[in-house]
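Trainee: Please walk me through this model. I would like to learn how to read its features one at a time.

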Amino acid sequence: MGGYWYYRASHSKEAGTTAAPIAKGGGRGPGAGNFTIPVVVATATKGDLPVYLNGLGTVTPLSTVTVRSRVDGQLINVAFKEGQFVKQGDVLAQIDARPFQVQLEQAEGQLAKDTAQRQDAEANLERFRLLFKEGVIPKQQLDTQAASVGQFDGAIKSDQAQINNAKLQLTYSRITAPISGRVGLRLVDPGNIVHATDANGLLIITQIQPIAVVFTLPQDQLPQVFDKLHKGSSPLTVEAYDRDNTSKIATGKLLTIDNQIDVTTGTYKLKAEFSNEDSSLFPNQFVNTHLLVDTKRNLSLVPLAALQRGPQGAYVYVVGSDNTVKIQTVTVAQTTGGTIGVSDGLQPGEVVVTDGQDKLQDGTKVTPNPAPPAPEAPRYSNSSSPARVPPSPAAANPAHAKPGRGGAKP
């Protein structure tokens, strides 16, 4: 019994002396002792940040023409292919011109007849003048012959008009492109009888080079855009993005602003023009528009993920030279995409935390890691398989995982 008592007493003293240093620092939070938290960081740079106004738009052709026949006749030839680009004046179709050629010959024959009759009337008029001077015929007969010459003059003028009309019909039988653009699907096949009163026409030509985009913006942004449009020395730049608002399709310029605001939506319309040389924009296509109205100069640029908000306002965690973070209040001047521009509170070259802020407090020791390179954009195919999602930083580095259920302990 004495030996057992001595063993218990000695063991309790050793346990107390070894546990005392651990309990001494046990009340401190994250960052106690030599413990550091791994974080992702980025360096602030100095630069300019554009100011964009984003809207929804629809691609609209500058001109759309439904080509119709201006004469009645049989369609004997089609000189275009569906989807072909044509230039103004190119021959599109040919209507049977033989009836109009016959009308032209008839008008020319009538003109020759009336011209000969006028010459005869003119010769008789000269004889009547001589006879009137000699007193053989009365004045009334001379005036009647002069009127007869005038009637033939009118007939000749009418015949000439008939000739011109027949030539015009011949011209209309040869259908040409009124504008330059892309031809749509053929609406009438060769061999059919077409009429000038047909509602559908022969084909539709759409001008797509250049092409326009009509988009809307909230009415609160109207004064800013209106001043830039009418006072600026250069046109405002408009960028068209795809439906997902991720890939830029084309860059154009703002043409004009509509003259009224839609009272039902509180928006106004704007029209931009794009050269569309590569035909990337298609009529009635839905696009997202980014209108460049201003550029903020000389800002400290950091990723948007670095920005935190609290009772003191917007702030970031700045990593010092000793790898200790410090809360620093900032003034955000502009946010564009995934980048923020800071006008006050942050200097270029300072390192800020962009991932892992939920484990930090003022004075926490950290292990800074550079941001991983952006993953390559997936190339989508015609298959319906979902795109792979890149792993999160916590999955890539177990040290980033939050402690708790299923998480790794620091």
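What follows is a short tour, from the whole chain down to single residues.

Mentor: Start with the ground rules. This is a predicted model, where local features need pLDDT of at least 70, side-chain atom pairs count only at pLDDT 80 or more, and totals for chains, interfaces and linings use all residues. Residues are numbered from 1 along each chain as its sequence is written, and side-chain values use heavy atoms, with hydrogens and water left out.

Trainee: How many helices and strands does the protein have?

Mentor: Helices (H or I, at least four residues) and strands (E, at least two) are DSSP runs, numbered from the N terminus. Here there are 5 helices and 22 strands.

Trainee: What share of the residues is buried?

Mentor: Buried means under 20% relative accessible area, exposed means over 50%, and partly exposed lies in between (1.4 Å probe, protein chains only). Of the 410 residues, 30% count as buried. Look at contacts too, meaning heavy atoms within 4.5 Å. Among contacts with a separation of 6 or more, 76% link residues 24 or more positions apart.

Trainee: How do H2 and H3 cross?

Mentor: Axes are lines fitted to C-alpha atoms, for helices over the stretch in contact, and angles run from 0 to 180 degrees between N-to-C directions. Helix H2 spans residues 98-134 and helix H3 spans residues 139-172. Their axes come within 8 Å and cross at roughly 165°. That makes H2 roughly antiparallel to H3. The cut-offs: under 35 degrees is roughly parallel, over 145 roughly antiparallel, 65 to 115 roughly perpendicular, and the rest oblique.

Trainee: Which residue classes make up the contact of H2 with H3?

Mentor: The contact residues divide into 17 nonpolar, 12 polar and 9 charged. Ala, Val, Leu, Ile, Met, Phe, Trp, Tyr, Cys and Pro count as nonpolar, Asp, Glu, Lys and Arg as charged, and the others, Gly among them, as polar.

Trainee: Is Asp96 buried or exposed?

Mentor: Asp96 is buried, at 15% relative accessible area. Find this residue in the loop between strand E6 (91-95) and H2. Leaving aside neighbours within four places in sequence, Asp96 touches Gln74 and Ile76.

Trainee: What is the accessibility of Thr289 and of Lys296?

Mentor: Thr289 is buried, at 0%. Lys296 is partly exposed, at 33%. Thr289 is in strand E15, and Lys296 is in E15 too, at residues 286-303. Lys296 and Gly47 are 249 residues apart in sequence, yet 8.7 Å apart in space, C-alpha to C-alpha. Beyond neighbours within four places in sequence, Lys296 contacts residues including Gly47, Asp48 and Ala333.

Trainee: Which backbone features deserve a look?

Mentor: Most residues other than glycine have a negative phi, and most peptide bonds are trans. A cis peptide bond joins Gln209 and Pro210, with omega about 0°. Pro210 sits in the loop between strand E10 (203-206) and strand E11 (211-218). Phi is positive at Asn245, near 60°, and at Asn276, near 55°. Asn245 is partly exposed, at 35%, whereas Asn276 is buried, at 3%.
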